[in-house]
Amino acid sequence: MWTTFLTTIKVNLREKSNLLWLFIFPILMASLFWGMFSGLTNRQIQAQNFAVVHDSNWSTVAGADSLVNALAGKNTNGTKLIRPTTVSSVSAAKKRVQAGHDSGYLFVNDVGSFGIAISDDLYNEFTNNMSSSTASITVSSLRSIITQFNHSQTTLKTLAASHPTASTQGQTQTRQQAQLQIQAQLERYIAASTASAKLSYTRNRSLTNFAPDQFARYYYALLGMVSMMSMSFAITSISTAQANLSAVGARRSIAPLPKWRQFSAILLASWLTSFLSLVVSFCYIRFVCNIAVGGREPLAILALLIASFTATAFGLLIGAIPRLSRGAKTGISTAIACFGALFAGLYGSFAMSLSDSISRNIPTFDLFNPVKQVSNLFYDLLYYDSLQPFMTTVGILLITGAICMTLAISLMRRRSYANL
Amino acid sequence: MSTQANTHVNTDENTGEKTRTAHDAIFVDNLVKHYGTMLALDHFNLHVHQGEIFGLLGPNGSGKTTAINCILALLSHESGTVSVFGRPMTPTSYDLKRKIGMVPQNVAVFNELTVRENIDFFCSLYIPKNRDRKALVDDAIAFVGLEEFSHYRPAKLSGGLLRRLNIACGIVHKPELILFDEPTVAVDPQSRNAILEGIQHLRDEGATILYTSHYMEEVEQICTRIMIMDHGRQIAQGTANQLKDMIDMGERITVDTLDLDAQTLHTMQALPFVAQADFNGKELKIACRHGNRNLADILDILHASGTNFGHLSSQPPTLNDVFLELTGKALRD
C-alpha cells in the first residue's frame, strides 16, 4: 500500500498536463490578476510642474494663494499635486508650457473663477490612457479640486450677498466686512481640507478585522477553480486502478493487494497532490501577490485541506464512472471547474456581479457550486470576525465530499465485471 | 468438429461429473459467459497441466481473452467452474492471485514511471517489502534484457522493448502460473525469438504457462499441447501432431516439370489419396490426404509415364492448415 501511495504521487506529479494546469496555470493567472489589479491599487499621484498666473484677476479671488500652497503641499504634509512657478501673465505661462518647462498653468478668469490649462502632451496622455497614467490621475485630481473650490467660492459669495449676517453669527456688518469674512472662511476651509488633496466630508471606518480588498475575491475564485481542476489527480489515479477502465487497472486488479487498500492509497495520494498544488497556488497568491486572508493563514491551510478533499472526492466519483474515456472525464472536471468559476465571479466584474446576484437571490444554487464554496472559505476568513461562516462552508464542502465519496465507493466496490 | 485428443479429466462413473486431476494448474469446466445477448463462452472447458506450455488458438472474437479474464476472475460468468491449482478462483482469492502472473495483450504500464519503477511497482502488489523486491526486479530486468534501459520511460522504448517491459511486469514476482495473451503482437523477429526463448526458460524453471497467439509457428514451436477454440468453445485439443492428424489433409507435393501429359495428370487425380492435382505448364501441385506411401506412388506414376521432372518437394501439413480447416477461411472481425 505504501508503494502504491508513493507511486500514485509520483505518477500524479510527473504527468505533464497536471503540472501545467495545476501548478503553472494558477501562478500565471494569479500573476495576470496581480498585473491588472496592482496597477489600480498602487498608482501614485505624480506632482506636475505648473505655472501660476498672478495677474490682476488673481487678487480678486479669496483664498487663491492658500489653494496653490495646498496643491503644492506647502501648508500641510499632504499630497503634492503641483510644483508651482509664479508668472505675471497668461502669455508668459503659455510660453513656459510651450517650452516644455511646465505641464500646464493655473489662472483666474475675468469672472473670478479658477481655471486650469494643460499642455498638449498631458492632454493626450489624459485622454488616451486615462485609466492607467499617473499624470492623468494628477490632472483629474486638480480638476476635481478646482471645480470644488469654484463651487464653494460661488456658494459663499451668494450666501454673503443674500445673508450678510450669516457668517458673523448675527452681528451687523458692512459688505466689505462680509467679504473679508468670506475670504477668511475660504482660507480656513482650504487649509483644513486640501491637506492631502482629498476634499472629503466623510471618514473611513473599518467594520471588519481586516481592511477589505475588492480584488481578493478574484484570487479566491481562482483558488476555487484550481481546487476543482485538481480533481484530475484522482481521476487519473482511479482510472489506472479499475479493471474496467484501463489495461493497467486490469493488471492491478488481478494482483493480491485488496481493493480497499489500493483505493485508500489512491485517495490519500490524490488528496495530498491536490493539496500540494493548492498550497503552491495559495503561497504565491498570499506572499507574492500579497492577498490577505485576514491574518488567518493556519485556517487558510485548513481550508485548502478541505477544498482538496472535496475535489478528490469529486475526482474519484467522476473517475469511477464506467464506459467513459479518461479524456472525457478530464473534460467533465474542467467543465465543472470553469463553469463553477463563472458563477464564483472569476471572469471579471460582470461575473462577480452575477455571482453576488445569485448569492442574494438563489443562495441554494451556491450550495451546488464547489468553486463558489471553496472561494467562500477564504472570503469568510477575510471578512468575518466570527468563524461560524467559515465552519458552515467547511461543513458544506465536507458533506459534498462525503456524498461523492460514497457514490464513488459504490461504483468501485465491484470486483468482477460483466464487460471490460 | 470437436475432438478431445488428450484429456486429463476424470469422469465420475456414478454422477458423470468431470473432476480435476491433481496436476491441473487450470481447470475450467462448462464455462458459460454472455455479453448481453452474444454468447462469448459456450460451455467452455480447459485443463492446463502444471509445468506445461499450453497454447490457446482461435480467430479474433473466438473467446480467448474472455476465457483468460474469466480464469483471472476479472469477468463474471453465468455458469461453470474455474479452479486454479485445485482451488476455486474468485476475485478475493488472494493466495491464488499471488501465484499468478499475467502478460496482457495491450502494454499495461505507467508512462510516467521508468522501466525499473514500473517493474518495481507491479512487483510491490505481490511483495510488499522493498528489500525483498530488489533482487526480483533485477532478475526481471535481466530476464527481458532491459538493463541498459532501466532508467528510460516507456515513451522512449521501441515496440519490442515495450513488449519486453510488459512481460517483465507480469513475471517479476516469480509466479507459478503465467498467462500470456498474444505477447508477440507487433514485435520484430529478434524480439519475438527472445520472448519465446524466455517463455521456454520460465517453463524450465517450473512455471505453468497458458499462451494465446495468432502465430501458428510460435505456438507449434513452444507449446506442449494446443487447444483451438472458436465461437466460445473448444473445437480441438492435443499436441501439434495430434491436431494435424485430426484433419483430412496429408502432405503437399510439388513437382517442377515441363512435359506432363493430360493422361498422367488424370491418372494422378484418380488416385484415392489425392484430394486435388493441378498443372500450370511448369509446376504440378498435389494436395494429398493422409497416407504412408503418397510420395512413392506419385513417383511411380511419373516414372511409368516417362515424365521428366526437376525439383520435387513434399511438405507435411502445418498447424496453420489445421487452424484454417477447423475454423474456416471466412474473414473475421
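This is a predicted model: local features need pLDDT of at least 70, side-chain atom pairs count only at pLDDT 80 or more; totals for chains, interfaces and linings use all residues.
Local features need pLDDT of at least 70 and side-chain atom pairs count only at pLDDT 80 or more, while totals for chains, interfaces and linings use all residues. Residues are numbered from 1 along each chain as its sequence is written, chains are lettered from A and ligands numbered from 1 in the order in which they are written, and side-chain values use heavy atoms, with hydrogens and water left out.

**View 1. Chain A on its own.**
Chain A has 17 helices and four strands, with helices (H or I, at least four residues) and strands (E, at least two) taken as DSSP runs and numbered from the N terminus. Of its 420 residues, 48% are buried; here buried means under 20% relative accessible area, exposed over 50%, and partly exposed in between (1.4 Å probe, protein chains only). Take the contacts in chain A with a separation of 6 or more: 74% of them are between residues 24 or more positions apart. Contact means heavy atoms within 4.5 Å.

**View 2**
About 2800 Å² is buried between the two, and carbon and sulfur atoms give 64% of that. This buried area is the accessible area (1.4 Å probe) that two parts lose on being put together, summed over both. On the chain A side, A:Arg251, A:Ile254 and A:Pro256 lose the most area to chain B, together 29% of what that side buries.

Eight residue pairs are in polar contact between chain A and chain B, both partners at pLDDT 80 or more. A polar contact is a pair of N or O atoms within 3.5 Å; within protein, one must be able to donate a hydrogen and the other to accept it, and residues adjacent in sequence count only if both atoms are side-chain atoms. Look for A:Arg14 and B:Glu117, which pair up at 2.7 Å, N to O; A:Lys10, A:Arg14 and B:Glu117 are linked in a network of salt bridges.

**View 2. A:Ser232 and its partners.**
A:Ser232 sits in helix α9 (residues 231-239) of chain A and is buried, at 10% relative accessible area. Its side chain makes a polar contact of 3.3 Å with that of A:Asn18. Beyond neighbours within four places in sequence, A:Ser232 is in contact with A:Asn18 and A:Leu22.

**View 3. Helix α1 of chain B, with B:Cys70.**
Seven of the eight residues in this helix (residues 64-71) are buried. B:Cys70 belongs to the helix and is buried at 2% relative accessibility. Setting aside residues up to four places away in sequence, B:Cys70 touches B:Leu31, B:Lys33, B:Leu41, B:Leu75, B:Ser76, B:His77 and B:Val82. Just after the helix, B:Ala73 takes a positive phi of about 65 degrees.

**View 4. B:Phe44 in its strand.**
B:Phe44 is part of strand β5 (residues 38-49) of chain B, buried at 0% relative accessibility. B:Leu31 is 13 residues away in sequence, with 4.8 Å between the two C-alpha atoms. Among the other contacts of B:Phe44 are B:Leu56, B:Ala67, B:Met227 and B:Met229.

**View 5. Salt bridges within chain B.**
Over all chains, the structure holds 19 salt bridges. One of them joins B:Arg192 and B:Glu218 at 3.4 Å, N to O. That pair links helix α6 (residues 189-204) to helix α7 (residues 216-222), with the partners 26 residues apart. B:Arg192 is buried at 17%, and B:Glu218 is buried at 1%. Another joins B:Asp321 and B:Arg252 at 3.2 Å, N to O, linking helix α11 (residues 319-327) to strand β14 (residues 252-257) across 69 residues of sequence. B:Asp321 is buried at 13%, whereas B:Arg252 is partly exposed at 36%.

Note on methods: A salt bridge is a side-chain nitrogen of Lys or Arg within 4 Å of a carboxyl oxygen of Asp or Glu.
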